[in-house]
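Please keep the sequence and the 3D view open while reading.

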Amino acid sequence: MGVYYALLLLIFVLTMITTYLGQENYLSIQNLTNVIYQSSLTSIMAVAMTVILITGNFDLSVASVAALAAAVLVGNADAMGFWPAVALAMTVAMALGLLNGSIVQFVGINAFIVTLGTMTAVRGLVLIYTDGRSLSVKDPGVIAQMKAFESGKNDVFLLVVAAGIVCLALGIGSVIKSRSSGKSLRPAAVGTVIGGVILLLLALASGGELVVRTPVVYMGIFTAVVWFVLSFTMVGRRIYAVGGNSEAARLSGINVLRYKLMAFVLCSGAAGFAGVLFASRLRSINPAGLTGAELTVIAAAILGGTSLFGGAGSVIKTLAGALLLFSLTNGFNILNLGANWQGLIEGIVVVVAAAIYTVGNQGRAKGH
């Protein structure tokens, strides 16, 4: 539950500070939707990163893969058209994921080492492909398609209200069930209640109209699908089993190799999609674009409590971790704090969160 409490506390503190200083209200709908929009690309990659971490692997190459997908899209969109270029970019990204997974699983090299190498190699490919120059789309028709794909606006008021009611009902039902059976409250139940309350408050504050950019919709759909698969399907249970104890999973008849390869392909595919959105947002790509984004992606998963050793993780908590990081950045910008302070404080937050989770897990292990 720590990441939920931390996010709520951060929003409360930033709201108090901005109100005291007489600056723009941090809780304004415009600012909150802007934070969600800014976090959308990182969140998409972080959700997929959570899956690969659950399987017990690691992928440092996501930002480089996203940059290469963006370069492939921008470099070919004028000649091929937007959608064929998107298909090519996604194919390249997923092929790189398959390459990563194959090297890790068939050769047996540690995933950290493999993806560290491919991160550098793929970034080199971006420089070679772009010849070290910024690329941009020239065709007005393609530019219009890119704007429609990435910059569209959607009124999600009714969807948010419905989601809030469902979350609140499920959470309260789970709390009542735990109380009646004498069991301790599950963090997921409390988190669901808090999430439902936040969604309903957001809808209430919007005044009946809640407009978000299209990437936020993509992020919401992708997160919901992955959450459902992990929580309610046999595939999800097997993914957790593979990460928790791969040998036991293999002896139980689970194809461990297949699930680990699938996780790598999913992670790179999500990175490729994020790269497509990034290129569509700017209609251009700089060879240095998205440099360092992989650290933010991994930090979001760690803040969400995803285990670096596999077998444990929640995409909803990862989403909260991403929102926490971007809320910090947004608050720093509102308060006019320098970029150097941002890096310092964000780094401290990640280390402290990892320490809390580690100490908590050790305590539970001793308790058993």
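Leaving aside its neighbours within four places in sequence, Trp83 is in contact with Gln145 and Phe149, where contact means heavy atoms within 4.5 Å. Trp83 is found in helix α4, and the C-alpha atoms of Trp83 and Val142, which are 59 residues apart along the chain, are separated by 9.2 Å. Helices here are DSSP runs of H or I with at least four residues and strands are runs of E with at least two, both numbered from the N terminus.

The model is a predicted one, in which local features need pLDDT of at least 70 and side-chain atom pairs count only at pLDDT 80 or more, while totals for chains, interfaces and linings use all residues. Residues are numbered from 1 along each chain as its sequence is written, and side-chain values use heavy atoms, with hydrogens and water left out.

With a relative accessible area of 0%, Ala85 is buried; the classes are buried under 20% relative accessible area, exposed over 50% and partly exposed in between, with a 1.4 Å probe and protein chains only. When residues up to four places away in sequence are not counted, Ala85 touches Leu73, Asn76, Ala77 and Met80. The C-alpha atoms of Ala85 and Val276 are separated by 9.4 Å, although these residues are 191 residues apart along the chain.

Asn76 has its place in helix α3, residues 62-80, and is buried, with a relative accessible area of 18%. Not counting residues up to four places away in sequence, Asn76 touches Gly81, Ala85, Leu88 and Tyr129.

## The largest nonpolar core

A nonpolar core is a set of buried Ala, Val, Leu, Ile, Met, Phe, Trp, Tyr and Cys residues joined through side-chain atoms within 4.5 Å. The largest such core has 102 residues, of which Met49 and Leu73 touch the most other members, and its largest share, 15 residues, comes from α2. Residues up to four places away in sequence aside, Met49 touches Asp59, Val62, Cys267, Val297 and Ile298.

## Helix α14 against α2

Two packed helices are described by the angle between their axes and the distance between the axes. Helix α2 (residues 29-54) and α14 pack at an angle of about 140°, with their axes 8 Å apart; the axes are lines fitted to C-alpha atoms, for helices over the stretch in contact, and the angles run from 0 to 180 degrees between N-to-C directions. That angle makes α2 oblique to α14, given that angles under 35 degrees count as roughly parallel, over 145 as roughly antiparallel, 65 to 115 as roughly perpendicular and the rest as oblique. On the α2 side the residues making the contact include Asn31, Val35, Ser39 and Ala46, and on the α14 side they include Leu319, Leu323, Ser327 and Ile334. By class, this contact of α2 with α14 has 10 nonpolar, 10 polar and no charged residues, where Ala, Val, Leu, Ile, Met, Phe, Trp, Tyr, Cys and Pro count as nonpolar, Asp, Glu, Lys and Arg as charged, and the others, Gly among them, as polar.

Ser327 lies in helix α14, residues 315-334, and counts as buried at 4% relative accessibility. Its neighbours within four places in sequence aside, Ser327 is in contact with Leu7, Leu10, Leu14, Tyr26 and Val35.

## Helix α14 against α13

Helix α13 (residues 293-303) and α14 pack at an angle of about 120°, and their axes are 7 Å apart. That angle makes α13 oblique to α14. Thr296, Ala299, Ala300, Ala301 and Leu303 in α13 meet Thr318, Gly321, Ala322, Leu324, Leu325 and Phe326 in α14, and by class the contact has eight nonpolar, three polar and no charged residues.

Most residues other than glycine have a negative phi, and most peptide bonds are trans. Arg283, in the loop between α12 (256-282) and β4 (284-285), has a positive phi near 55°. Leu290, in the loop between β4 and α13, has a positive phi near 65° and counts as buried at 18% relative accessibility.

Ile345 has its place in helix α15, residues 339-367, and is partly exposed, with a relative accessible area of 28%. The C-alpha atoms of Ile345 and Thr329, 16 residues apart along the chain, are separated by 9.8 Å.
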